[in-house]
Amino acid sequence: MTECYQGVLEFGRVSRRKVEADFSGGEITSDAGALLLRQADRRLGLTAAMAKALGDPRRRASCEHSLVTLLRQRVYALALGYEDVDDHDHLRHDGALQTACNRVSVLGSASTVGRVERRGDRAAAMALHQVLVEQFIASFASAPEELILDFDATDDPVHGKQEGRYFHGYYDQYCFLPLYVTCNDQLLVSYLRPSCVDAAAHAGAVLVLLVRRLRQAWPNVRIIFRGDSGFCRRHLLTWCENHGVGYIVGIAKNDRLLEKAESLMRVAQQRYEASGQKQRSFHTVHYAAGTWTRSRQVIVKAEYSDQGENPRFVVTNLDGDPQDLYDRLYCARGEMENRIKEQLQLFADRTSCHKWWHNQFRLLLSSCAYVLVETIRRIGLKNTQLARAQVNT
């Protein structure tokens with residue numbers, strides 16, 4: 001038999017509205033999680049920082065809804081699973097969302113929220129990215145010793161003939177190619193790009209800006225740049241070497257690398273044939289691509305199994321045991337793919353506006369929704385079973 005020890009849960013007040021939860025019925029909402037998002041937002045000051053960074057050129061006397069209220073309405077709704085602006089025509093009447101937005105009356109209509117999205121431009125994108133980075137810095141109580149910045153790109157299918165629409169041969173569709181940067185589970189950059197560019201396009205400029213700001217906050221922090229072979233570019237590696245930044249980056253197979261790994265693969269094959277068990281060994285070689293001005297250290301993973309040979313290569317300027325660097329440090333970048341999936345679960349691919357900068361603004365709104373959910377997971381759910389749950393759980 002269930003025993004209830006508390007009949008009413010109190011959540012304080014919003015203006016003249018008293019907020020509490022009980023079990024006696026009354027006005028029902030399926031979105032009570034908005035109150036948890038509100039608490040995370042109040043702790044971070046995220047939507048307030050967004051509104052301050054964007055500014056509001058509207059004539060205040062003619063506006064029923066403040067910019068910060070409209071931003072909260074849209075960001076909270078994305079985190080609650082409502083992807084379309086049209087959803088706000090009924091969400092505006094939801095008591096939980098009203099309360100989360102510090103309102104006791106009807107929220108903004110779909111058209112009002114949509115006008116906020118259509119304010120997106122280059123300046124807005126820069127301002128919101130600054131907010132994301134400052135939120136990341138503020139999340140540390142003390143200076144970290146080391147930060148690993150994960151860079152990755154993904155496809156974002158287009159929904160029509162939008163600005164910046166190009167066909168991408170690898171993904172076999174018309175799409176955008178946004179660039180994401182994370183550190184652990186925290187998001188720093190979600191930068192929309194057309195798919196006609198190289199996977200590492202603008203990554204150098206983004207890395208420079210991030211390193212500069214992070215070292216301004218923490219002069220002694222050790223920074224490591226991590227990415228797959230799409231980010232193995234001479235200018236990125238050279239810049240890291242010249243500015244004291246570590247890197248560990250995948251490098252695509254080629255004839256020269258395979259030749260250097262040939263004897264190692266032969267030994268792995270012999271050991272597999274003798275034992276019947278998958279064999280792996282790790283070694284370091286030095287290699288210089290044709291466009292490089294110097295040779296660099298490359299970790300070789302020589303693997304042989306019932307699927308045949310599977311060599312892998314990683315270029316790095318870090319010291320340490322090659323297997324430890326590969327297994328513990330490089331392979332951990334696979335977690336970033338889960339972070340990108342979470343962005344998509346929060347509708348980062350809902351870039352269906354015609355104008356380019358409006359789609360960038362939408363992408364950043366989804367990113368801000370992710371920041372709130374990640375904060376709940378990292379702080380509110382710490383040491384619980386949900387501390388590692390995906391955002392769609």
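1. Helix 12 (residues 334-345) packs against helix 13 at an angle of about 115 degrees, and their axes lie 9 Å apart. Axes here are lines fitted to C-alpha atoms, for helices over the stretch in contact, with angles running from 0 to 180 degrees between N-to-C directions. The model is a predicted one: local features need pLDDT of at least 70, side-chain atom pairs count only at pLDDT 80 or more, and totals for chains, interfaces and linings use all residues. Residues are numbered from 1 along each chain as its sequence is written, and side-chain values use heavy atoms, with hydrogens and water left out.

2. The crossing of helix 12 and helix 13 is right-handed. A crossing counts as right-handed if the near helix is turned clockwise from the far one by less than a right angle, and as left-handed if anticlockwise. Helix 12 brings Arg339, Glu342 and Gln343 to the contact, and helix 13 brings Ser366, Ser367, Tyr370 and Arg377. Contact means heavy atoms within 4.5 Å. By class, this contact has 1 nonpolar, 3 polar and 3 charged residues. Ala, Val, Leu, Ile, Met, Phe, Trp, Tyr, Cys and Pro count as nonpolar, Asp, Glu, Lys and Arg as charged, and the others, Gly among them, as polar.

3. Glutamine 360 also belongs to helix 13 (residues 356-380). It is buried, at 1% relative accessibility. The scale is this: buried means under 20% relative accessible area, exposed over 50%, and partly exposed in between (1.4 Å probe, protein chains only). Setting aside neighbours within four places in sequence, glutamine 360 is in contact with Ala125, His129, Ser190, Tyr191 and Leu192.

4. Helix 2 (residues 46-54) and helix 3 (residues 67-80) pack at an angle of about 125 degrees, with 9 Å between their axes. The two are therefore oblique to each other. On this scale, angles under 35 degrees count as roughly parallel, over 145 as roughly antiparallel, 65 to 115 as roughly perpendicular and the rest as oblique. Helix 2 and helix 3 cross in a right-handed sense. Thr47, Ala48, Met50, Ala51 and Leu54 of helix 2 meet Leu67, Val68, Leu71, Arg72, Val75 and Tyr76 of helix 3. This contact has 9 nonpolar, 1 polar and 1 charged residues.

5. Now the overall picture. The protein has 13 helices and 14 strands. Helices (H or I, at least four residues) and strands (E, at least two) are DSSP runs, numbered from the N terminus. Along its principal axes, the C-alpha trace spans about 75 × 55 × 45 Å. Of the 393 residues, 50% count as buried. Among contacts with a separation of 6 or more, 64% come from residues 24 or more positions apart.

6. How many aromatic pairs does the structure hold? There are 12. Rings of Phe, Tyr and Trp (its six-membered ring) pair if their centres lie within 6.5 Å; planes under 30 degrees apart count as stacked, over 60 as edge-to-face and the rest as tilted. Phenylalanine 282 and tyrosine 326 have ring centres 5.4 Å apart and planes at 45 degrees, so this pair is tilted. The pair links distant parts of the chain, 44 residues apart: phenylalanine 282 is in strand 11 (residues 279-287) and tyrosine 326 in helix 11 (residues 322-330). Both phenylalanine 282 and tyrosine 326 are buried.

7. Tyrosine 326 also pairs with tyrosine 330, again tilted, at 5.7 Å centre to centre and 40 degrees between the planes. These tyrosines are 4 residues apart in helix 11, so about one helical turn separates them. Tyrosine 326 and tyrosine 330 are both buried. Elsewhere, Phe136, Phe140 and Trp218 form one aromatic cluster.

8. Is alanine 123 buried or exposed? Alanine 123 is exposed, with a relative accessible area of 52%. This residue is in helix 7 (residues 122-138). Its C-alpha atom is separated by 18 Å from that of glutamine 135, which is 12 residues apart from it along the chain.

9. Two backbone points are worth checking by eye. Asparagine 102 has a phi near 60 degrees, a positive value in a residue other than glycine. It sits in the loop between helix 5 (95-100) and helix 6 (110-117), and is partly exposed at 39% relative accessible area. Histidine 202, also not a glycine, has a positive phi of about 70 degrees. Its loop runs between strand 8 (186-191) and helix 8 (203-217). Histidine 202 is partly exposed, with a relative accessible area of 42%.
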